[in-house]
Amino acid sequence: MSDTIFDKILAKQIPAQIVYEDNDVLAFRDISPQAKVHVLVIPKKKARNLNELRSWRPEDVGIFFQKVASVAEQLGLAGSGYRTVLNTGHEGGQSVDYVHAHILGGESLSGRFA
Ligand code: AMP
């Protein structure tokens, strides 16, 4: 599996504004924010996208999503609410082939999915 920009951020080969890191995940600010708060959460164990998470142990998938919620809470968004997005594949708008959850918030978001 070739290295993506997120592999390089994880390896600390290129800089990112890291907001949270533990043994399971790394969370950093999106370089092109689409909301006042826009953070990406990636698992340290690599998968290309949601399709590939089907081969993971359900426990590990659960841990990833719990950590996404924990990062949102740490960002102060748990009470006000936020949007989580996972784009999968070309038609899903995925531009980086390393699974990542977008956390968008800090303001009232218009539209349900856009
Ligand atoms: P997606 O289109 O769902 O694959 O999302 C990829 C996201 O990664 C986009 O929102 C980009 O703005 C973001 N992105 C690309 N390069 C970087 C980077 N070096 N640091 C932080 N975010 C990035």
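1. A polar contact is here a pair of N or O atoms within 3.5 Å; within protein, one atom must be able to donate a hydrogen and the other to accept it, and residues adjacent in sequence count only if both atoms are side-chain atoms. The model is predicted, so local features need pLDDT of at least 70 and side-chain atom pairs count only at pLDDT 80 or more, while totals for chains, interfaces and linings use all residues. Residues are numbered from 1 along each chain as its sequence is written, and side-chain values use heavy atoms, with hydrogens and water left out.

2. A polar backbone atom of Ile31 is 3.1 Å from a ligand nitrogen atom. Asn87 places a polar side-chain atom 2.8 Å from a ligand oxygen atom, and a polar backbone atom of Gly93 is 3.0 Å from an oxygen atom of the ligand. Of the 510 Å² that the ligand exposes when taken alone, the protein buries 83% (Shrake-Rupley method, 1.4 Å probe).

3. The shell around the ligand holds 16 residues (a heavy atom within 4 Å of the ligand). Asp30, Asn87, Ser95, His100 and His102 are the closest. α1 gives the most to this shell, with three residues.

4. What is the make-up of the shell around the ligand in nonpolar, polar and charged residues? Seven are nonpolar, seven polar and two charged, with Gly counted as polar.

5. The whole structure contains nine salt bridges (a side-chain nitrogen of Lys or Arg within 4 Å of a carboxyl oxygen of Asp or Glu). In one of them, the side chains of Lys67 and Asp22 meet at 2.8 Å, N to O. Because Lys67 lies in helix α3 (residues 58–74) and Asp22 in the loop between β1 (18–21) and β2, the pair ties together parts that are 45 residues apart in sequence (helices are DSSP runs of H or I, at least four residues, and strands of E, at least two, numbered from the N terminus).
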